[in-house]
Amino acid sequence: MTRIAVVTAEEARALDERTIATLPESYALMFRAATAAADALHERSWRSAAVYVGTGNNGGDGWLIAGLLRARGWHVTVWASGEPRTADARRAKAAAEQGGPFTPPSGSEAIVLDALLGTGATGAPRGDVAAALEVLRHTHTGEQPVVAIDLPTGLDASTGDDVGAIAADVTLTFGSVKRAHLLRRDLVGALQVLDIGLVESDDATRIVDAPMVRALLPAMRADAYKRTRGRVAIVGGEPGMAGAAIIAARGAHASGAGMVRADVAAPSATALQVAVPFATVHAWMGEHDWSGIDTAWPDAMVIGPGLDGTAASLRRQVLRLLHDYRGPVVLDAGALTAFTPKRVADEEDIEDAGDAPLAHLEALRHALRGREALLTPHLGEFVALTGQSAVDRFTDPQHLAAMLGATVLLKGVPTVIAAPGSAPLVTATGNPALAMGGTGDLLAGIAGTLLAQGMTALHAGAVAAWIHGTAAEHAVATHGAWRGVTMDLLLHAVSNVWPALFAHASHPPHPSHTLLELPAVPCR
């Protein structure tokens, strides 16, 4: 199973250099990349291309691709922003022009290839590259698909900053995924990661894909029964918020839990019993009186869906429940909000949180110690927990995970799952169908089931996030648009993702050279 790294521009350069050290010459890696890209393009129905090449190695890729496509019978035109300035790019141009010089683009080509700037570029396009972009914009009508080679020109590979990028319909990249590919799906279009034999790095951030999910999922015994499939308790559902606990319970059930129990406020109990008849329900009385919750029953507990994180007593009750229950746990929604600095400081019966960074989370760190624990904040909750004004989606979850001794799943685009002592995992599945209330509760229910079945918090979070996002993709594909995808459709899609995951196991859907494909995200 190939492990696909998620990298910055500097890390991508290091991967290239490590691989080149194993080859006779650096040009061999450029030729591999161009061949893989030409093969990927030739597998499609296009047979003519306007190739815009820069002066660096990305332009060298473009020259080689142009030559390889022309040798296969394509009509290829080329616009060069200048003469190649690296030895490999000069060699690539010479190889491409062995069949004769290329004419300039006419605007009638089937596709436009953007090979002007690659991963190493920073800042806005300038000089001859900016001029080439203007030629591109004025020569082509906008109806032809734009295929970016490695990265759309004008997109910063590390930060995802748009400094004048031309949006691509398809991006072909090589061996790894750059952070910008995941941060700016709107500019990248459909992403195809091509295998060029990069030497792997053991400590790299990895992207979660279908083969990884299949490998991580625990097998179920042939003689399984409801107890061995895992028992999940959902603690939440305050008055007026029964829906969150219902969605979490249904998500757990749709993901293979053997038994689900909902521990909810008494006014929510009837709603749970009607909406989730396969679950048992325990009603707690008063304001977070959880003394009657059976902590010996569950194999995993999900705390938070439908809890009011502003309630004064909630933090104390969560800590007491974590003291009584020592098994795997998912903390979501209100169970996280209760631990923000303001909520901690507002409580009069606890010691001052102090001035040290994240000192307000010390009690939570102590309560989570010695168990598999998964926290699932969205960006707003993460900011509230940490007090940060800005968040680096790829590194900050790792810092919080190390401080808490627990796994942190930062929801969003992309979703990052970080655990102490491990390289983070990243999921890039999903679309705007997930941007509605209740989807976080669904994710928590899926993760709770996987924890109950014995997975680590890191792997449970990674698999749950991948399934959650893939379900949204299935729902949109079935429905035809993200608008109109309801929670019922999304829940149905979760049930359907599991068989689809294994249906493709023996017949991978990817074309040749392809390590990973991410669809374009529908934004309208």
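How many bridges join β2 to strand β3 (residues 75-80), and do the two run parallel or antiparallel? Six bridges join them, and the two strands run parallel; here strands (E, at least two residues) and helices (H or I, at least four) are DSSP runs, numbered from the N terminus. This is a predicted model, in which local features need pLDDT of at least 70 and side-chain atom pairs count only at pLDDT 80 or more, while totals for chains, interfaces and linings use all residues. Residues are numbered from 1 along each chain as its sequence is written, and side-chain values use heavy atoms, with hydrogens and water left out.

Six of the six residues of β2 (residues 48-53) are buried, so the strand is largely enclosed by the rest of the structure; buried means under 20% relative accessible area, exposed over 50%, and partly exposed in between, with a 1.4 Å probe and protein chains only. In a regular strand the side chains alternate between the two faces of the sheet. In β2, S48, A50 and Y52 point one way, whereas A49, V51 and V53 point the other way, and all are buried.

Elsewhere there is an open sheet of ten strands, with mixed pairing and the order β9-β18-β17-β16-β15-β14-β13-β10-β11-β12, where two strands pair if DSSP finds at least two bridges between them. Its edge strands are β9 (206-207) and β12 (280-284), each of which pairs on one side only. Further inside the order, β16 (residues 407-410) and β17 (residues 415-418) run antiparallel and are joined by three bridges, and L410 stands opposite V416 in β17. Helix α11 (residues 314-324) lies across β10 (231-236), β13 (300-303) and β14 (329-331), and runs at about 180 degrees to β13.

Strand β11 (residues 259-265) contains V260, which counts as buried at 3% relative accessibility. Not counting residues up to four places away in sequence, V260 touches V232, I234, A249, A252, H253, A279, T280 and W297, contact meaning heavy atoms within 4.5 Å.

The last region to consider is a pair of helices. Two packed helices are described by the angle between their axes and the distance between the axes. For helix α17 (residues 439-452) and helix α18 (residues 457-479) the angle is about 135 degrees, and the axes are 8 Å apart; axes are lines fitted to C-alpha atoms, for helices over the stretch in contact, and angles run from 0 to 180 degrees between N-to-C directions. α17 and α18 are therefore oblique to each other, given that angles under 35 degrees count as roughly parallel, over 145 as roughly antiparallel, 65 to 115 as roughly perpendicular and the rest as oblique.

On the α17 side the contact involves T439, L442, L443, I446, A447, L450 and L451, which meet A457, A460, V463, A464, A465, I467 and H468 in α18. The residues of this contact divide into twelve nonpolar, two polar and no charged, where Ala, Val, Leu, Ile, Met, Phe, Trp, Tyr, Cys and Pro count as nonpolar, Asp, Glu, Lys and Arg as charged, and the others, Gly among them, as polar. H468 is buried, with a relative accessible area of 8%, and, leaving aside its neighbours within four places in sequence, is in contact with L434, T439, L442, L443 and I446.
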